[in-house]
Amino acid sequence: MSAGLDSSLQYLKGVGPRRAALFERLDVRTVEDLLRHYPRQWQERYETEDLTLPTATGLVVVRGRVLRAAAYGAGPRLALYKAQLATAHGKVSCVWFKHLSRRFDVFAALKEEVAEGKDLWVVGRADPDLAGIREIRVDEHYPLEDERWRLHVGRLAPVYALTEGLHQRFVRELVHAALEAHADEAVDAVPAELMSKRRLLAAPQALRGLHFPRSRAELEASRARLAYEELLLLELAWILKRRQTSETLKGFDYEIKRTLLTPFRQGLGFELTHAQRRVINEIFDDMRRPRPMTRLLQGDVGSGKTVVALSALLLAVENGGQGALMAPTEILADQHRATLERFLKGLPVKVVALTSRAGKKERAKILEALAEGSADLVVGTHALLEEDVRFKSLRVAVIDEQHRFGVRQRTTLRQKGSLIDLLVMTATPIPRTLALALYGDLEVSTIDEMPPGRTPIRTALAPEAEAFEAVRREAAAGRQAYVVYPIIEESARLDLQAAKAEFERLRAEVFPDLKVALIHGAMPAKAKNKTMAEFSEGKWQILVATPVVEVGVDVPNATVMVIQNADRFGLASLHQLRGRIGRGAAESSCFLVADPKTPQARARLETMTATADGFRIGEEDLKLRGPGELLGTAQHGELTLKVADIVKDADLLADARADADELLAADPKLLAPAHALLRRRLIALYQSRWHWIDLA
Ligand code: ADP
Ligand code: MG
């Protein structure tokens, strides 16, 4: 690679140390980083031809000659600059807003550039009235005499992610200058044979076409080229990661002794479903192979994944090893612990629990029990990942709700033992193609059958009064209800306040005769767990909750769920929430109380009333939201995809996978000179992110 691309941004004209520091916040340090700082979007900045019609976006772009211009005071701090412009499509007035400064004339540049007789481009916003666009509030203007306007207007203009102190205009011009000077040095990481096989644009051309496309078609061809490269790297990384575990030997094996498994099964009080038996067999077969298992267990909410996980853990214990079960929240970890203790009653299996809640002394005791091997199983949260948690002989680790964790955490847990078997579980099932892209190093087992005797949940959009009526009816019959309020990140504080106020209303006014409790995410873990345990024991009839109950909680006597402002929840969350009921023999109902304002919100609610099938819901969700939001940032960020979209680019992904396979079959460590750059990129992108050590 040329020194030009690798050189620090500071050597570009106009970037001093101060601006370089700002770029660093965007992870842009070198010229190459800047070329790979891809636009967030592209704005259609063609000249607005008809000034009598509103534009779809409110954006207006005009080009004209200044007829007159002047500055006006508009208050103690604010001043205006107004200009009248003659365009080919009529006259229009433009206004700039400026905060006054005591130190300098805020209009100095404007007076120069926007003076009578000057020609310019103006980009701004306008509210058209009946007479058409009357006034444009100007965001940017470009004098025609300065050729650089061509980067900003009269075209598809790139829009970049910024940070405070960096301006769109500056970044656009800088990227352009960097492209002019250095794009030709960009070497293709994609090997030449693939370039021609897939008919890909050369890197310099693709970079230019992505930043400053001359048409939508050029943009798409450039994007596809760069997306293919990202996906090729991703697939290579998955194959190598998978190879890393599958080429090594565990050094221990299992015998199905049944000393624990048989009494465990007999004590369950129910028969395993066919699907459960099938996946347990898949898992056992895998565990008994000499290579470490890396397996994803998919199964809808309530399909009975815990029993399957426990079977894998017990196989390890039967063979003198230890097992760990990691969950994303304390509530869930507590639930798992209670479940394990219930199912293992009377069996010689010692279970301990480790969360960040454990006191110093208690923690020390637990760590010792794990290190010396007196504890067989541990259930816990992220606390299990800490450095000082050591095992005598960890053989199996299970991660529940795996989408809450990333590849790196998965690997950290695995490294707590030497080459152990790993089972990750998810209740957000996704289509197979996507699963491969996301969990390329995993085998997949699927529970596609629900335990018998479940009555399907009735789901309806309903007014609050009707929902509360049902709550009352069920409470009278001795059953329990959840009333859930949304909390979303952007307005978390207000949402929490609202939920608390609602709790007061329900307790004091709506259900004064019933026992109502509140549980929310901001409560101390101890209080949360206490309330949850009390609800589980039947002390409360109604649990008012924020989405903390979303995951895994199991209270079979709860038969009603009221989801307030249901339009504000995502589809996966709604489905997870609904899965909290319908866990016993009694018929359950889910009420969605909502006033959906967008077509997407309406589509989500309709999907919920139409189906209870998690796989279908997963697919709908992908269509509505795309993978980024569905997966959560931890996972999506790990894939390091900037322009590729694993849903929309499914075809490219399939190509990339096939090509990655062939490439590594021919050159397993990418040592051929033609693959040097690919190898370098791969290491830079994935090695530390994934705790991945191969390729040496
Ligand atoms: P999830 O897959 O959502 O984690 P769980 O493992 O929590 O589901 O199981 C949900 C409930 O179903 C639990 O109460 C569990 O004991 C029960 N269960 C699991 N398997 C069966 C089965 N084969 N027959 C009846 N009930 C079952
Ligand atoms: Mg579960």
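A residue is counted here as near a molecule if one of its heavy atoms lies within 4 Å of it. The structure discussed is a predicted model.

**Ligand surroundings**

Around ligand 1 there are 17 residues, and the closest are Glu 271, Gly 302, Thr 306, Arg 454 and Asp 554. Sorted by class, this shell comprises five nonpolar, six polar and six charged residues.

Oxygen atoms of ligand 1 make polar contacts with the backbone of Ser 303, with the side chain of Lys 305 and with the side chain of Arg 583. For Lys 305 the distance is 2.8 Å, while for Arg 583 the separation is 3.4 Å. Taken on its own, ligand 1 has 570 Å² of accessible area, of which the protein covers 86%.

**Helix packing**

| Helix pair | Angle | Axis separation |
|---|---|---|
| H8 (residues 203-211) and H9 (residues 216-246) | about 125 degrees | 8 Å |
| H13 (residues 330-343) and H19 (residues 525-537) | about 45 degrees | 10 Å |

Helices H13 and H19 pack at about 45 degrees, which makes H13 oblique to H19. Their crossing is right-handed. In the pair formed by H8 and H9, the angle is about 125 degrees, and the two helices are therefore oblique to each other. The reasoning rests on the ranges used: angles of 65 to 115 degrees count as roughly perpendicular and those over 145 as roughly antiparallel. H8 and H9 cross in a left-handed sense.

Note on methods: Residues numbered from 1 in each chain as written. Chains lettered and ligands numbered in written order. Predicted model: local features only at pLDDT ≥ 70, side-chain atom pairs only at ≥ 80, totals over all residues. Heavy atoms only, no water. Polar contact = N/O pair within 3.5 Å; in protein donor to acceptor, adjacent residues only side chain to side chain. Areas by Shrake-Rupley, 256 points an atom, 1.4 Å probe, with all protein chains shown as cover. Nonpolar A, V, L, I, M, F, W, Y, C, P; charged D, E, K, R; others polar. Axes fitted to C-alpha atoms, helices over the stretch in contact; angles between N-to-C directions. Helix = DSSP H or I, 4+ residues; strand = E, 2+ residues; numbered from the N terminus. Parallel < 35°, antiparallel > 145°, perpendicular 65-115°, else oblique. Left-handed = near helix turned anticlockwise from the far one by under 90°.
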